[in-house]
Amino acid sequence: MASRDVAFWKETINDEMDSIMSNQTWELVDLPPGSKPIGCKWVFRRKYHTDGMIQTFKARLVAKRFKQREGIDYFDTYAPVARTTSIRILFALASIHNLFVHQMDFKTAFLNGDLNEEVYMEQPEGFVLLGNENNVCKLVKSLYGLKQAPKQWHGKFDHAILSDGFRHNNADKCLYSKTCDDYVVIVCLYVDDMLILSDDMKGIIETKRFLSSTFKMKDLGEVNTILGIKVKRNSGGYALNQTHYIEKLVSKFSHLKIKDANTLFDSSIKLEKNDGRSVTQLEYASAIGSLMYAAQCTRADISFAVSKLSRFISNPSVEHWKAIDRVLGYLKNTKELSLQYSKFPAILEGYSDASWISSVGDNLSTTGWVFTLGGGAVSWGSKKQTCISHSTMEVEFITLAATRKEAEWLRDLMMDIPFIVNNVSTVSIHCDSQATLARAYNGVYNGKSIHISIRHEYVRQLIQNGIISISFVRSSGNLTDPFTKPLTRDLVRITFRGMGLKLLK
């Protein structure tokens, strides 16, 4: 209230209270004997455009959830959200089928949920009614901050969207589709952010009309930004980038004096467990978390580096910090890269690779996989294996078994999207190990490999059922190399182009 933006803050506070009161979120009552009210507080935030300009001032009245008691004030707290993999697949499909992609935002989404429990809250600061100072708010609808608020909101939206003829996707319950005579429309929900895709604008207009009649909505038009990811449509399809996020990240750690780098690792340095004193552990954890978000959204090329460095999060050393500095320098040098999708190829393809005993100290290997659609990566992973392998064939087979799980999920997701016909009936996975291919198609295994017999049998079943097929690819053409090992500058460039990471034209 003492800031120069006081007029904006007052306006947004009043808007928040208007939403709460018009929604009949609570009623004033005397506190029943034996009950304890939870507190509440105002939370203020400036929301910025990707160019750094202030977009809106936001004020939220938030319940103090730490005072809630399990089994009394709340029970279940889970709530599903769409996977970022699902979002990337939708943009790949939009590029292939030339779909319209629009965006809507829910105003005060969590206020829509109906509460099943009796929850009492103190009156909010600045809005205590005169003459009713001793009363408390009995919550009828959910409020931001409540532990059960996300679950109650999702249940309310789920019931509403299904009543309009939409149906769930079997693989991702936050994807909904509806097929009409004139159009097909898909809705993707991530908490209160929503994407609407259709092959006809009529489908998008009618879906917006229904949602606006059911909830308080904000129409954002053609998609521009989703979950902090910048979206740009061009003649070839859609491109996703996090340039602005990387700039903020580099600025956040500017005290490290980050220098541009062409590769993610210095090949002369072997990272090992730190037995000495920890070096700014909390800041190291913050850096890893920030890098992880970029790796999970659009920057598949840094996945191996983030996976490797996260193993030292409990006790980082100076050498680990130098490695973080290198990754940030690489991102700074390549911040303009976008994950781009186009019309071709219109089939889902996977690549699998492994690096034997790549973890110093515990003799564990690294698994890597990547799936592409529309010329860009839609799913990827780089993980340390949990069991010791006795040969390169075994480590490759363990990786193949992990890849097939993702392939099966992707296939189920895409088979339940109306735009897909028969181009995902079998998912092709490329592997650069002839021995692994021979083992996958061989129905016999000996005692030496009995510890991978369950994986072996499951992979064979998927092959026999036509869910996956496995083919050989030379190591030079395997896009999974950067997920299992450090690469030279030239190999880095070749592989990230194959994954669709390119400069916007």
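Begin with Lys332, which is partly exposed at a relative accessible area of 35% (buried means under 20%, exposed over 50%, partly exposed in between, with a 1.4 Å probe and protein chains only). This is a predicted model, in which local features need pLDDT of at least 70 and side-chain atom pairs count only at pLDDT 80 or more, while totals for chains, interfaces and linings use all residues. Residues are numbered from 1 along each chain as its sequence is written, and side-chain values use heavy atoms, with hydrogens and water left out.

Because Lys332 lies in helix 8 and Asp260 in the loop between helix 5 and helix 6 (281-297), the pair ties together parts 72 residues apart in sequence. Helices (H or I, at least four residues) and strands (E, at least two) are DSSP runs numbered from the N terminus.

Next, select Glu247 and Lys335, whose side chains meet in a salt bridge of 3.3 Å, N to O. Glu247 is in helix 5 (residues 243-252) and Lys335 in the loop between helix 8 (318-333) and strand 15 (337-340), 88 residues apart.

Move to Asp5 and Arg46, another salt bridge, with the closest N and O atoms 3.1 Å apart. Asp5 is buried at 13% relative accessibility, whereas Arg46 is partly exposed at 33%. The structure holds 16 salt bridges; Asp353, Asp481 and Lys485 are linked in a network of them.

Now select Glu117, in the loop between strand 4 (100-106) and strand 5 (120-121). Glu117 is buried yet has no salt bridge, and the nearest side chain of opposite charge, Lys151, is 7.2 Å away. (Lys and Arg count as positive, Asp and Glu as negative; His and the chain ends are not counted.)

Continue to Cys40 and Cys137. Their sulfurs are 6.9 Å apart, too far for a bond (a disulfide is a pair of cysteine sulfur atoms within 2.5 Å). Cys40 is buried at 14% relative accessibility, and Cys137 is buried at 0%. The count of disulfides comes to zero.

Finish at Thr403 in helix 9 (residues 392-415), buried at 0% relative accessibility. Not counting residues up to four places away in sequence, Thr403 touches Tyr351, Ser352, Gly368, Trp369, Phe371 and Ile429 (contact means heavy atoms within 4.5 Å).

Technical notes: A salt bridge is a side-chain nitrogen of Lys or Arg within 4 Å of a carboxyl oxygen of Asp or Glu.
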